[in-house]
Amino acid sequence: MMNISPVVVPQQKKTGWTKKERHVFFLGLAFASPWIIGFLAFTVYPFFGSLYFSLTEYDLFRSPQWVGLRNYEHIFADESFYRSLGNTLFMTFISVPITLTVSLMIALLLNTKVKGINYYRTIFYLPSVIPIVASALLWTWMLNPDFGLMNTILRFLGLPDPAWLLDPQYTKPSLILMSLWGTGAGALIFLAALQGVPKQYYEAAQVDGANWWQRFWNITIPGLSPIILFQLIMGLIGSFQIFTESYILAGGKVDGGKSLGGPDQSLLFYAVNLYQEAFVYLKMGYASALAWILFIIVLLITFVLLKTSARWVYYGGD
């Protein structure tokens, strides 16, 4: 008898979606549509819209008039731009390291095993949940040169009592003091990271005779380095967005018809200058150009930090 082999029919590749797959896809798209519409309307459109307006002269009441790169040329010839950028960089390179250091020190204290530690953690965290406007108003009273709490204590101790918010030399230190008031949130993040550092590293270091500083520098800091990088990037981005504190501490009004920057424009930060150009002088095109310069500056700083982080940031597998 002849052996007849079975005929193998090749399977055809599926060329389209089934009815059920299309139904699942459009159902998922319908559920995601509120976020997609919001992202397109409130992120994508403003992003590219601001780029277009930065190349125009626009004041909300007339149609945008194309001016090309004239707004960007005007930025680098504007004294307010350099003043606001200098004030912002001061807060970036002075306030951010101080805030991170204080946050880490508080976290180290809150990581100790003492009676009632949970109450201490709550007390240190509470100021960070107070709205920024309420905090700024509170510090406006505390730094009042005549009857404020700070100067009352300084006079009691026989120390000089500066004018704080009225003296250009003390306005930015006043903001630094205010920023230390809200370090509880950063301390909480550092505290969570501290509790994730393996205890056996400290035990092995103690056996080898390492003192407190050696354990801190060679175990704690490398273990916290990813969190330090995160806090540093967020702090730097936040320093370029200082607005509410300056606006309230400076009185929220144009000083002598010139600027919202307080005494001698010492509180004229980049975001304040951008707001002033857009909503006080109604130079929307120029303000959009300022926003794009700010975007580029923050992008470059973040890029440099991420590129150099490989030298000092250690992860679990390293």
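Visitor: At roughly what angle do the axes of helix 3 and helix 8 cross?
Guide: This is a predicted model, where local features need pLDDT of at least 70, side-chain atom pairs count only at pLDDT 80 or more, and totals for chains, interfaces and linings use all residues. Residues are numbered from 1 along each chain as its sequence is written, and side-chain values use heavy atoms, without hydrogens and water. Helices (H or I, at least four residues) are DSSP runs numbered from the N terminus, and axes are lines fitted to C-alpha atoms over the stretch in contact, with angles from 0 to 180 degrees between N-to-C directions. The axes of helix 3 (residues 79-110) and helix 8 (residues 184-194) come within 8 Å, and they cross at roughly 50°.

Visitor: Are helix 3 and helix 8 parallel or oblique to each other?
Guide: Angles under 35 degrees count as roughly parallel, over 145 as roughly antiparallel, 65 to 115 as roughly perpendicular, and the rest as oblique. The crossing angle here is roughly 50°. Helix 3 and helix 8 are therefore oblique.

Visitor: How many nonpolar residues does the contact of helix 3 with helix 8 have?
Guide: Contact means heavy atoms within 4.5 Å. Helix 3 brings residues including Leu100, Ser103 and Ala107, and helix 8 brings residues including Gly186, Ala187 and Phe190. Ala, Val, Leu, Ile, Met, Phe, Trp, Tyr, Cys and Pro count as nonpolar, Asp, Glu, Lys and Arg as charged, and the others, Gly among them, as polar. By class, the contact of helix 3 with helix 8 has no charged residues, 2 polar and 10 nonpolar.

Visitor: How far apart in space are Ala107 and Ala187, C-alpha to C-alpha?
Guide: Ala107 sits in helix 3. Its relative accessibility is 0%, so Ala107 counts as buried (under 20% relative accessible area; exposed is over 50%, partly exposed in between, with a 1.4 Å probe and protein chains only). Ala107 and Ala187 are 80 residues apart in sequence, yet their C-alpha distance is 4.9 Å.

Visitor: Are helix 1 and helix 13 parallel or oblique?
Guide: Helix 1 (residues 19-53) and helix 13 (residues 284-308) pack with axes 8 Å apart, at an angle of about 120°. That angle makes helix 1 and helix 13 oblique.

Visitor: Which residues of helix 13 make the contact with helix 1?
Guide: Helix 1 contributes Phe47, Ser50, Leu51 and Phe53. From helix 13 come Gly285, Ser288, Trp292 and Phe295.

Visitor: Which residue's backbone nitrogen lies 2.8 Å from a polar atom of the side chain of Ser225?
Guide: Ser225 lies in helix 10 (residues 212-239). Ser225 is buried, with a relative accessible area of 1%. The backbone nitrogen at 2.8 Å belongs to Tyr314.

Visitor: Is Asp264 buried or exposed?
Guide: Asp264 is in the loop between helix 11 and helix 12. Its phi is near 55°, a positive value in a residue other than glycine. Most residues other than glycine have a negative phi. At 56% relative accessibility, Asp264 counts as exposed.

Visitor: What is the relative accessible area of Trp164?
Guide: Trp164 is in the loop between helix 6 (149-156) and helix 7. Trp164 has a positive phi of about 55°, although it is not a glycine. Trp164 is buried, and its relative accessible area is 8%.

Terms used:
Helices (H or I, at least four residues) and strands (E, at least two) are DSSP runs, numbered from the N terminus. A polar contact is a pair of N or O atoms within 3.5 Å; within protein, one must be able to donate a hydrogen and the other to accept it, and residues adjacent in sequence count only if both atoms are side-chain atoms.
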